[in-house]
Amino acid sequence: MAGGAAGGASELLQLVNDVVGAGNSAAAGGCGGAFRKDCTDLVRRIALLTHLFEEIRNFKGLEFPPLDASTSSSCSTQPWVSDLVTALQAAKRLVLVASSFNSNCDAPVLADEGSKRISFHFQCATWKLEKALGEIPYDQFEISEEVEEQVALVRAQLRRAIERYGTLNTRKMSFYGLPQSLVESGKWVRVIENNSSSKMIDCLPKSFSADDLVHKSQSMSNSCVAEAPSLCSTNETHVDGEEDMNKKPDATVIPDFICPISLELMRDPVIVATGQTYERSYIQRWIDCGNTTCPKTQQKLQNLTLTPNYVLRSLVAQWCIDNNIEQPTGLTNGKLKKSDGSFRDISGDIATIRALVSKLAGRSIEERRAAAAEIRSLSKRSTDNRILIAEAGAIPVLVNLLTVEDGLTQENAVTSILNLSIYENNKGLIMLAGAVPSIVQVLRAGSMEARENAAATIFSLSLADENKIIIGASGAISALVELLQNGSTRGKKDAATALFNLCIYQGNKGRAIRAGIITALLKMLTDSSNGMVDEALTIMSVLANHQEAKVTIVKAGTIPVLIDLLRTGLPRNKENASAILLALCKRETENLACLSRLGAVIPLTELTKSGTERAKRKASSLLEHLRKLQQL
């Protein structure tokens, strides 16, 4: 019975490897300029499915036929297998086609018919994969909770991607995918067609975004499919949640209102020395990275002064009113829109904050320290202040202050960034400013209060799924584990929260294990005086399905401690302890035998009667495994 499941899952794993290989080959060859980010995102999400197919392959008890070229038609008893094969094969073909697509440097038209067609196929392939993942019978394969959570994370990312491809007028692309000659040429144009859709796309410096229209009309969908049948079948032109095709087209954004860097509607336009206008936060980041040229013209900037473009800001505000479009921050002509729709005059606040930002970048240590303390205080008070401080370009300056020698300035800077990160839109600006390495440096060597707030900042930023990967690769996990072991009470709690959130991503679990997190967690479990038993169990329950973590947890002598918690712990502690034990004992007869020797049957039986619903399920499953062990 197991042979079919193992064979089929192995072939699904091979398909995943094929997709990843196609993506790696494209990246190594420098191909796929216009769609590099799309390819990278799709390949990364598919790679995360490896653990799911490995668990299916290792499962003993359910059979499905081996896959072959005729799977889609022959495997009627297991339609989810057919759907998965179709989705992965379509993804592989799409990555190969999209990675070979590139723009003509002499005529930078990134959104021609081929580009629009490929954009549509990314929508189809993403929808196929999300739909197929929803059909897998997870319970039949006894998929671990950790892997199910990971698949749920992938599906959530896919759904957001579907929405982005299918309902937005524009699509993000990475600057790093554009030909360098095109970037340096300054040939950035946007042409507005009669049908209110963008035909040509602005190119941009750095890793910001370029936009091209994804056509949503049924006729366009069908024509795209007809022209490229190998990528998407015609019966999948409709995506759940797609907007009504009779809906009035969105208002056409006037080109002069778009920042040449972010390619988004400008909220705080400023003029540089060459006369070009940019969104303040993006051009400030460009300058803070050491660039002294105008991104659009490539001319050397005679000075780095940023002059507010009040006329353009007023025009953008009026355009938003005329088209019933709310500006992202509700900031208009020095007035901030309140929740009741009225406006509050904040021109004085803006002037004050901009003056503080200027002092942050000054040479005087005392002036910078005082300005950082004031920014910290303002950013703590309200969302309005967090918006205005970010709009004033404070984030890149604060990031620079994270590496200064003055401890108090560093402490105020990291706490200000923490406060600013509470506002969701600021998270992207903080990541864009390259803050993570400097935050990790504070986490390692700052004062205790600075380390506590650095850990809290890591947690706040890691709430965005894509940031978990970046933060995990930055060295933050080992620094957090060290704080978990040797920090203050508050520092340990902040570190535990951040580590839990980072370890939701499978790739970060091995990093945490190698950083010594199990030793720290076991110490927390055995020292009830620190009041962190619940936190330790919660983190361990996330790690327990990772093979390297299993081995380390068992070697550390954790099983007896967990059995004691089954007897004496609080209800939530018992629930997590039973979940960890179940993860450790699945397909591990030695660990099951250890449970039996240590007398786990009695507390487990009691838990099936008086535990939480989740604890009852885990305890019942463990008892069933123990019963089967006795029959061997």
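Rings of Phe, Tyr and Trp, the last by its six-membered ring, pair if their centres lie within 6.5 Å. The views below show a predicted model.

**View 1. The aromatic pair of Phe257 and Trp319.** A search of the whole structure finds one aromatic pair. The ring centres of Phe257 and Trp319 are 6.2 Å apart. Their planes stand at 75°, so the pair is edge-to-face; the cut-off for that class is over 60 degrees.

**View 2. Packing of helix α24 against helix α27.** Helix α24 covers residues 517-526, and helix α27 covers residues 558-568. They pack at an angle of about 35°. Their axes are 11 Å apart. The crossing is left-handed. From α24 come Leu522, Leu525 and Thr526. They meet Thr558, Val561, Leu562 and Leu565 of α27. By class, the contact has five nonpolar residues, two polar and no charged.

**View 3. The second largest pocket.** This pocket holds about 960 Å³ of space. Its lining counts 40 residues. Closest to the centre are Glu142, Leu582, Lys586, Ser621 and His625. Helices α7 (145-167), α25 (533-543), α28 (571-585), α29 (589-597) and α31 (613-631) each supply at least two lining residues. The lining of the pocket divides into 14 nonpolar, nine polar and 17 charged residues.

How values were computed. Residues numbered from 1 in each chain as written. Predicted model: local features only at pLDDT ≥ 70, side-chain atom pairs only at ≥ 80, totals over all residues. Heavy atoms only, no water. Axes fitted to C-alpha atoms, helices over the stretch in contact; angles between N-to-C directions. Helix = DSSP H or I, 4+ residues; strand = E, 2+ residues; numbered from the N terminus. Left-handed = near helix turned anticlockwise from the far one by under 90°. Contact = heavy atoms within 4.5 Å. Nonpolar A, V, L, I, M, F, W, Y, C, P; charged D, E, K, R; others polar. 1 Å grid on protein atoms, 1.4 Å probe; cavity = no way out; pocket = protein on both sides within 12 Å on 5 of 7 lines; lining within 4 Å. Points joined across faces, edges and corners; volume = space filled by probe spheres on them. Phe/Tyr/Trp six-rings, centres within 6.5 Å; stacked < 30°, edge-to-face > 60°.
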